[in-house]
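Please look over the model shown below before reading on.

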Amino acid sequence: MTIFDLDFMRYALIAAVMVGLTAPAVGTFIVQRRLALLGDGIGHVALTGVALGFLTGTAPVATAVVVAALGAVAIEMVRARGKTSGDVALALLFYGGLAGGVMIIYLTPGESTASLNSYLFGAITSVTSTDLWVIASLAVAVLALLTIFGRELFVLCQDEEVAKASGLPVRFLGLLIAVIASVTVVVAMRAVGLLLVSALMVVPVATSQQLTRSFRTTMALSMVFGVLATVGGLTSSFYLDVPSGATIVLLALAGFAVALGVGRFVRRSRTGESTA
Amino acid sequence: MSTAFEMTGGQVTIDGRKILRGIDLRVDDGEVVAVLGANGSGKSTLVRSLLGVQPLSGGSILLYGHPPARFREWRRIGYVPQRLSVGGGVPATVREVVASGRIARQRRGRWTSAADRQAVSAALDEVGLSDRAGDPVSSLSGGQQQRVLIARALAGEPDAFVMDEPTAGVDAASQRMLAKTMAGLVERGKTVVLVAHELGAMEPLISRAVVLNQGCKVHDGAPPSPVGTHALPGHDHVHPHEPAPAESSLPGWALAQEKA
């Protein structure tokens, strides 16, 4: 029996590709904006959204998108103010999101924290065809927005003052990248879980930047690494019978370790060439 | 002749500390204005608030006759910040950074045009970095990075340049390149507002100097002319300027000249 014989594995593979493409694409901008942990923050807040979905009987993905987006906007507004100590404010939001989720799920009849497990740690094989449509449309929206606003976001993430002095709508772009990130978190939630979501936004980018010289290639290569990690992790978790989310993240981290070594070697031989 | 920048009673307070204390400054089209002063005198804050990047706590600013919030012709202005921001460490090539200077001229969702590419190549040429276009900016020296920032502003083909200490910590080769680039801008009649600690080779290009001391304008007019040993042939006007003591009423440049 191969992985393609099972409907749920085919769905899972398609979802894995979507997540592998979108998370690192957004991640490249977020890492450059020095917000590598933004995904983690949004992930915690999204948990409250998931629990609200259970409580109200609506699809947890839908409520998670809304709550995560609101959380992301709040994070961006705190960050943009810049005067109050931003990291503490963010931390408060993280804890609030996590505690809120646990409390709401406790109050939901017939549910317990165990219901949250698949959202916390990912359960990509439970993706249904309806889920797949939602994930696919969100992923396409994210990639389309990044394409349309990419040039402006590059300037924003490089130097916000220069973006301002170029007449770019800095506040809008800041909110846009935050909302794009929150949608991505929800897209990736089913694959790797809210607690590991940020890994897919950060690790492939960190891997890729060991090997590249330009922003564009960093982003493209990180998307390749992202897909390799999600598809490779999913496939091996299927055959090894281990949890998919953890396998995906561990595979991505292994890729980083390899790239670190290769990158050092490449840079050393480059400088060797130029001094020779 | 129109006015590029006009600040009236400009005040900036950051964390309760008064950085600018009511500055009036007008820069007409085609002027080359140097903003001089000791460290901490508010030079950088002045030019950043001229662009609306640093909000004023009092007074007003007009960019080509409009307040920053309602200004739409940002393509007319090129900002050269003090240093290249590396952000979170995602690599970017020299060409990518310089090309981002076109942003105010580009329409959202449109591909990069031939005019864009041409302007970027011309800007790279002008600062002598064409051969480094594909290299990551992080691999460049401080002076070369400064040239990248200037090329980014050049690529936007603005009418006015606002430069925040383009000569700070720059090697001799980059100094010469900067002076040459500046001369080219002056020749083309561009407006330049330039923060500097010392003018060096750019001195002859300056049409007006504004000197700040502790957030106040203490001189606005002809550039402080070299006196004493400074006027002697062979003096290359490179000497360490010391920050003015807080109680002194003399501007930094005057103090330094007294000491020299």
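A residue is called buried if 20 or more other C-beta atoms lie within 10 Å of its own, exposed if 12 or fewer do, and partly exposed in between, with C-beta atoms placed from the backbone. This is a predicted model, in which local features need pLDDT of at least 70 and side-chain atom pairs count only at pLDDT 80 or more, while totals for chains, interfaces and linings use all residues. Residues are numbered from 1 along each chain as its sequence is written, and chains are lettered from A and ligands numbered from 1 in the order in which they are written.

Chain B has six helices and nine strands, where helices (H or I, at least four residues) and strands (E, at least two) are DSSP runs numbered from the N terminus. Of its 260 residues, 46% count as buried. Gly30(B), in the loop between β2 (17-28) and β3 (32-37) of chain B, counts as partly exposed because it has 17 C-beta neighbours inside 10 Å. Leaving aside neighbours within four places in sequence, Gly30(B) is in contact (C-beta atoms, placed from the backbone, within 7 Å) with Gly189(B) and Thr191(B).

Two loop residues of chain B call for attention through their backbone angles. Most residues other than glycine have a negative phi. Tyr64(B), however, has a positive phi near 45°, and it is found in the loop between β4 (58-63) and β5 (77-80) of chain B; Tyr64(B) is partly exposed because 17 other C-beta atoms lie within 10 Å. Glu165(B) also has a positive phi, near 50°, and lies in the loop between β6 (160-164) and α5 (172-187) of chain B, but with 20 C-beta neighbours inside 10 Å, Glu165(B) counts as buried.

Not counting residues up to four places away in sequence, Ala68(A) touches residues including Ile42(A), Ala46(A), Ser182(A) and Val186(A).

Ala68(A) is also one of the residues of α3(A) that meet α8(A), where Ser182(A) and Val186(A) are among the partners. The axes of helix α3 (residues 60-81) of chain A and α8(A) come within 8 Å and cross at roughly 145°, the axes being lines fitted to C-alpha atoms over the stretch in contact, with angles running from 0 to 180 degrees between N-to-C directions. By class, this contact has 17 nonpolar, three polar and two charged residues, with Ala, Val, Leu, Ile, Met, Phe, Trp, Tyr, Cys and Pro counted as nonpolar, Asp, Glu, Lys and Arg as charged, and the others, Gly among them, as polar.

Helix α6 (residues 129-158) of chain A bends by about 70° at Gly150(A), the bend being the angle between axes fitted to the seven residues ending there and the seven starting there. Among the buried residues of α6(A) are Ile135(A), Phe149(A), Glu152(A) and Gln158(A), and what covers the buried residues of α6(A) includes α1, α7 (160-165), α8 (170-192) and α10 (215-240) of chain A.

Notes: Contact = placed C-beta atoms within 7 Å.
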